[in-house]
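I opened a notebook for this structure and wrote down each thing I looked up. The entries follow in the order I made them.

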Amino acid sequence: MSALDWVTVTLLCGGGFFFLAGTLGLLRFPDAHARLHALTKADNLGLGLVVLGLVLQAPGPAVAAKLILTWLLALLASATSCYLIAGVSRGRREDASAPRDA
Amino acid sequence: MSAFLLYTLTSVALFSIGLYTLVVREHLLRKILALNVMGGAVFLFIVAIGYRNRGEAPDPISHAVVLTGIVVAVSITAFALALIRRLHAETGRTVLREEEGLE
Amino acid sequence: MLDSPLDPLLALGIIAVAWTSLSSRNLFTGVILFIVFGLLMSLAWVRLDAPDIALAEAAIGAGITGALLLDALGQIGSDGRERRRPPHLRWGAAAVGIAVAGLLTHAFTDLPRDAGGMTGAVAAALPESGVSHAVTAVLLNFRSYDTWLEVAVLLVAVIGVLSLRRGVGLSGPEPSGAADDPMLPGMARVLLPVMVLVGGYLLWRGTHAPGGAFQGGAVLGSAGVLLLLAGDRPFARLPGALFRGALMAGLAGFGLAALGLLASGRGFLALPPEHAGAIILAVEITVTLSIALTLTALFAGARQPDGTAAPDGSAGSHRP
């Protein structure tokens, strides 16, 4: 394997470590907000490292650009859904009649 | 073990799990999930049949059939969910009771 | 032989997630795990060299189906407790399940593995089909009749879902102000142009690479669902006749192509090689639009406008 491949492997392992950390947080943290914090931070960084590792292996700039676009879209979706879930969870905790979003 | 055998056995396991759930469990939404799992198992088998060794082109007919099947499955799920929701709105229940029939 | 430990792990994961999803008492957990099951199936499709199906499974199987299930849960509630079935039924069903598994395993392990299939035949006919991607050629040329009927199934489903609505038009009443939160509409504003672009890209790409009308239509349908979730009421602005016409467009496009070809002396849906590419693209465009609108209508049609099960038809705008 070339040096580039080793860099990719390192980045992928780093990304995997962050996914593992986020999953550990999901399983071990006591409430929804802490779990959301762990998940979104770890998964965004984890996905970013994985994408970076794959970009180094990409056969051309078009594929690399699509990979980075995938990461940005995942960031956007994950941040928004984190916000929405936190809002519903807070509404439940305050015992208000929170609307049930799909 | 070849990839074909592995995914075929997986599809058999999924099909049996789905079948058991469909028969034994009463909640209609759970039955829909079981039906979808069984459908996924059938698709997995069809694609596994069409799989050739890594590097060779797979059988496109398998893929076309499963693609059609996925769309049909979502149509069935959507209609079934509409029926369940209507049943719930009319009677407040999400199970079918044979003794009472459907009022 | 398996060339990676990923496949056994993936297979075990799929079975484990399916089992946990179907056996969980809380239906919300079950549905979320079902969405995970769909995503793991997407990975399985990639491992089996089926990228078209992976795209469709992720968008339709996990995405749209997940949205429909979650929306239904919002109405019927997540409590999945049931009566305990009598032991003879449970053990009998388990025995039947194991017997079915055994019979299937016996049948499948005896299958000849080098039966040939249609790969060679399709590859030989591919240059005349009008596209250069085998799956698209099969879907829209060699087996286009099946695809036409599949579009008809979608239409029947949406007719069924709309028929089960209780008197209120598809657009529902004015939102009560629950859409004050700018986050979801803001994200939708950013995401929707990207989704339209991706949908169109997938449609165009299907002629030469994995993609096609169903994947593109599913992404556009998801865009419609996102629009509805963000509080917009697109069906209020859509005239009823246009809505019904657009739902029919896929079926009609196919039908026109079929009858036109029949009238011009060739067979029913027998595409001539010199025009096949153009006909396929035209049909695919109508099918994509139809699928997108159908998926959005399937989602919108099942919702009660105020989120509850209230049956009254008093608060309604015009029926589409």
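Does Leu14(B) count as buried or exposed? I looked it up in this predicted model and found that Leu14(B) counts as buried, because its relative accessibility is 0%. The cut-offs are under 20% relative accessible area for buried, over 50% for exposed and partly exposed in between, with a 1.4 Å probe and protein chains only.

**Ground rules.** I noted that residues are numbered from 1 along each chain as its sequence is written, and that chains are lettered from A and ligands numbered from 1 in the order in which they are written.

**Around Leu14(B).** I placed Leu14(B) in helix H1 (residues 3-24) of chain B; helices are DSSP runs of H or I, at least four residues, numbered from the N terminus. I then listed its contacts (heavy atoms within 4.5 Å). Leaving aside neighbours within four places in sequence, Leu14(B) touches Val37(B), Ala41(B) and Leu44(B), and also Ile14(C), Ile15(C), Ala18(C) and Phe37(C). Val37(B) is 23 residues away along the chain, with 6.6 Å between the two C-alpha atoms.

**Chains.** Chain A and chain B have no contact, and their closest C-alpha atoms lie 15 Å apart.

**Chain C against chain B.** I noted 88 residues of chain C in contact with 73 residues of chain B. The buried area is about 7300 Å², with 72% from carbon and sulfur atoms; this is the accessible area (1.4 Å probe) that two parts lose on being put together, summed over both. I counted 5 salt bridges between chain C and chain B, a salt bridge being a side-chain nitrogen of Lys or Arg within 4 Å of a carboxyl oxygen of Asp or Glu. Arg85(C) forms one with Glu26(B), with the closest N and O atoms 4.0 Å apart. Helix H3 (residues 51-76) of chain C gives the most to the side of chain C that touches chain B, with 15 residues.

**Leu259(C).** Leu259(C) counts as exposed because its relative accessibility is 53%.

Conventions:
This is a predicted model: local features need pLDDT of at least 70, side-chain atom pairs count only at pLDDT 80 or more; totals for chains, interfaces and linings use all residues. Side-chain values use heavy atoms; hydrogens and water are left out. Helices (H or I, at least four residues) and strands (E, at least two) are DSSP runs, numbered from the N terminus.
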